[in-house]
Amino acid sequence: MTNFVSQKAKIGKNVKIWHFAYVGDDTIIGDNVKIGSLAHVDYNVVIGENTMIEGQVYIPPLSRIGKNVFIGPAAVLTNDPYPPSQKIIGVTIRDGAVIGSRAVIKAGVTIGNNSVVAMGAVVTKDVPDNTVVVGIPARVKYSRSEYDKKQSLWKA
């Protein structure tokens, strides 16, 4: 695999970093994490254990990602609330959250525990715990328990 992982990054056990991915300085990655091809994890990022980051995802500096998080392909977390400016802030994604493919999350936003951001959503405000948000701009659609019920129908 051809990728760049900074020697200043701290990588946990059983971490898989796929082709052409980048991991920057002072990044901490927990155990059992997967980072897909062409993903860019910038400097000073923390990623909790058992997290899956699909290909082409951008994670900006200072972002904090919890445990058991899923980030779908080509999702983008931003780091400048009013570009171009000198203020850089990260995104926080709490434990158990799911971020759909091609979702965009504004700098400084927090995605709550066990929340779901639908594919293609544009998140400009914090998302409460156990909530599903959809649309542009993202708005609350239903609860995580309702999402889990819908998901179980597809598994049958």
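**A buried aspartate and an open sheet**

Q: How far away is the nearest side chain of opposite charge to D42, which is buried yet has no salt bridge?
A: In this predicted model, local features need pLDDT of at least 70, side-chain atom pairs count only at pLDDT 80 or more, and totals for chains, interfaces and linings use all residues. Residues are numbered from 1 along each chain as its sequence is written, and side-chain values use heavy atoms, without hydrogens or water. Buried means under 20% relative accessible area, with exposed over 50% and partly exposed in between (1.4 Å probe, protein chains only); a salt bridge puts a side-chain nitrogen of Lys or Arg within 4 Å of a carboxyl oxygen of Asp or Glu. For D42, the nearest side chain of opposite charge is R64, at 11 Å.

Q: Which side chain makes a polar contact of 3.2 Å with that of D42?
A: D42 sits in the loop between β7 (40-41) and β8 (46-47). Strands are DSSP runs (E, at least two residues), numbered from the N terminus. A polar contact is a pair of N or O atoms within 3.5 Å; within protein, one must be able to donate a hydrogen and the other to accept it, and residues adjacent in sequence count only if both atoms are side-chain atoms. The partner of D42 is Y58.

Q: Which strands stand at the edges of the sheet?
A: The open sheet has eight strands, ordered β3-β6-β9-β12-β15-β18-β20-β21, with mixed pairing. Each edge strand has a single partner, so one side is left without a neighbour in the sheet. Strands pair if DSSP finds at least two bridges between them. The edges are β3 (16-17) and β21 (139-143).

Q: How many residues of β21 are buried?
A: β21 runs antiparallel to β20 (131-134), joined by four bridges. β21 has five residues and lies largely in the open, because the number buried is zero.

Conventions. Lys and Arg count as positive and Asp and Glu as negative; His and the chain ends are not counted.
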